[in-house]
Amino acid sequence: MDLQSIVTRLDELFRWVPSWFIGLAILVGAVLLALFLYRVAARLLRRALSARFPLVNPFLDRTAGPTQLALCLLAVALVLPWAPVNEDARLDLRHLFVVAVIALIGWISIRAVDMTAARYLQNFRDVTENFIARKHVTQVRVFKRVIDTLIIVITVSTALMTFDSVKQYGVSLFASAGAAGLVLGLAARPLLSNLIAGLQIAITQPIRIEDAVIIENEWGWVEDIASTYVVVRLWDWRRMVVPLSYFIEKPFQNWTRDTASLIGSIPLFVDYRADVPRIRRRLEEAVKESKMWDGAVVNLQVIDADARTIQLRALVSARNAPQSWDLRCEIREKLVAFIRDDMPEALPRERAHLVSSDGELVPMPVEKIRARA
């Protein structure tokens, strides 16, 4: 007994049921059967192959949606010729089937791009210190988002072109190419400029993932590069969202463009009686005690002098921006404690001159003047 005879028998038993309802029930039953068979097959594949092939589970998870849709479309295509529906409904279902196939192709294309990108990025896990990894991660993420956007636009456009009214409207719109095209171009200018900026960033790479940058007087790390914007993770865990075009049109600071190592500056103000070589020796001892110093740069210089104090600048280097900040704070604390405890004469002070009874100038610190007063 074939499927057509079964449908005929059911039609004779349920004459009081509308034919469209029977056809709908057949289509729904085919879809449910396809989903059930997918569940069974996926479970059997996981049990049989997951132990030997670890990539089976991620592959089934990523392809679950497109596979289920493909099976449902296949089931509908198989039972549609035997479904008791009129010709108009059959044409509508065929049109819906065509649109679903176009959506399926687009969906599979996006999943294929995502799986290819994820597979490629498995070789570049450490992006904190690895500049090559950061380069590839940035390029792959930007290109993946651009390709996904193009696939979505092409898929939606192709699906809309299957409707005669939309197709005629689209042809006339493209044929006119006048004021409407100009308005559309002006409206889409921000989106297009950011997409083009994304391609420029992927190729020239003024920024990469996990780059330390200063934007609008805010310091942070590049956390994500999307299709039209960049997410910067600030030092206090806030997130700054910046358009991609910003990094092409405006200046900004990138502290890790070529290397992550940075030189930190520590200014100090001391009295003229300060023993600078002794402070320099203490600086060298302090950086050698710290685990954050990279062993490259340590220096102390007198960079300025005014009527009251002299200004020292200590230079120390670290492996990256966060360690440079922490190292500067640590060395500043140690030098301040050293000057306070072991060299109090180097603390900044104010001086005044007193005139003795015989007319000689007698220098005296302000503290003693106030104590006598």
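**Exercise 1. In which helix is L33 found?**

Solution. L33 is found in helix 2, residues 19–49. Helices are DSSP runs of H or I with at least four residues, strands are runs of E with at least two, and both are numbered from the N terminus. The model is predicted: local features need pLDDT of at least 70, side-chain atom pairs count only at pLDDT 80 or more, and totals for chains, interfaces and linings use all residues. Residues are numbered from 1 along each chain as its sequence is written, and side-chain values use heavy atoms, leaving out hydrogens and water.

L33 is partly exposed, at a relative accessible area of 49%. Buried means under 20% relative accessible area, exposed means over 50%, and partly exposed lies in between (1.4 Å probe, protein chains only).

Last, take the surroundings. L33, F36, L37, V40 and L44 make a nonpolar surface patch of about 490 Å². Patch members have over 30% relative accessible area and no salt bridge; nonpolar side chains (Val, Leu, Ile, Met, Phe, Trp, Tyr) are joined within 5 Å, like charges within 9 Å.

**Exercise 2. Describe the whole protein in numbers.**

Solution. Start with secondary structure: 13 helices and 10 strands. Then burial: 34% of the 373 residues count as buried. The accessible surface comes to about 23,400 Å², and 63% of that belongs to carbon and sulfur atoms. Areas come from the Shrake-Rupley method with a 1.4 Å probe; for residues, only the protein chains shown count as cover. Finally, contacts (heavy atoms within 4.5 Å). Among contacts with a separation of 6 or more, 62% are between residues 24 or more positions apart.

**Exercise 3. Which residues touch the most other members of the largest nonpolar core?**

Solution. A nonpolar core is a set of buried Ala, Val, Leu, Ile, Met, Phe, Trp, Tyr and Cys residues joined through side-chain atoms within 4.5 Å. The largest one has 25 residues; I207, I215, I225, V230, V232 and F247 touch the most other members. Several elements each supply at least two residues of this core, including helix 5 (87–121), helix 9 (189–204) and strand 3 (229–234). Helix 6 gives the largest share, 5 residues.

Zoom in on V232. Leaving aside residues up to four places away in sequence, V232 touches V213, I215, G220, W221, E223, R238, R239, M240 and V242. Another core lies apart from the largest one, with 24 residues, among them A274, I279, V316 and I339.

**Exercise 4. Find the salt bridges and say what they join.**

Solution. A salt bridge puts a side-chain nitrogen of Lys or Arg within 4 Å of a carboxyl oxygen of Asp or Glu. The whole structure holds 15.

- D224 pairs with R145; the closest N and O atoms are 3.3 Å apart. D224 lies in strand 2 and R145 in helix 6, so the pair ties together parts 79 residues apart in sequence. R145 is partly exposed, at 22%.
- D271 pairs with R273 at 3.7 Å, N to O. D271 is buried at 0% relative accessibility, whereas R273 is partly exposed at 45%.
- E330 pairs with K334 at 3.0 Å. They are 4 residues apart in helix 12 (residues 321–342), about one helical turn. R282, E285, E289, E330 and K334 are linked in a salt-bridge network.
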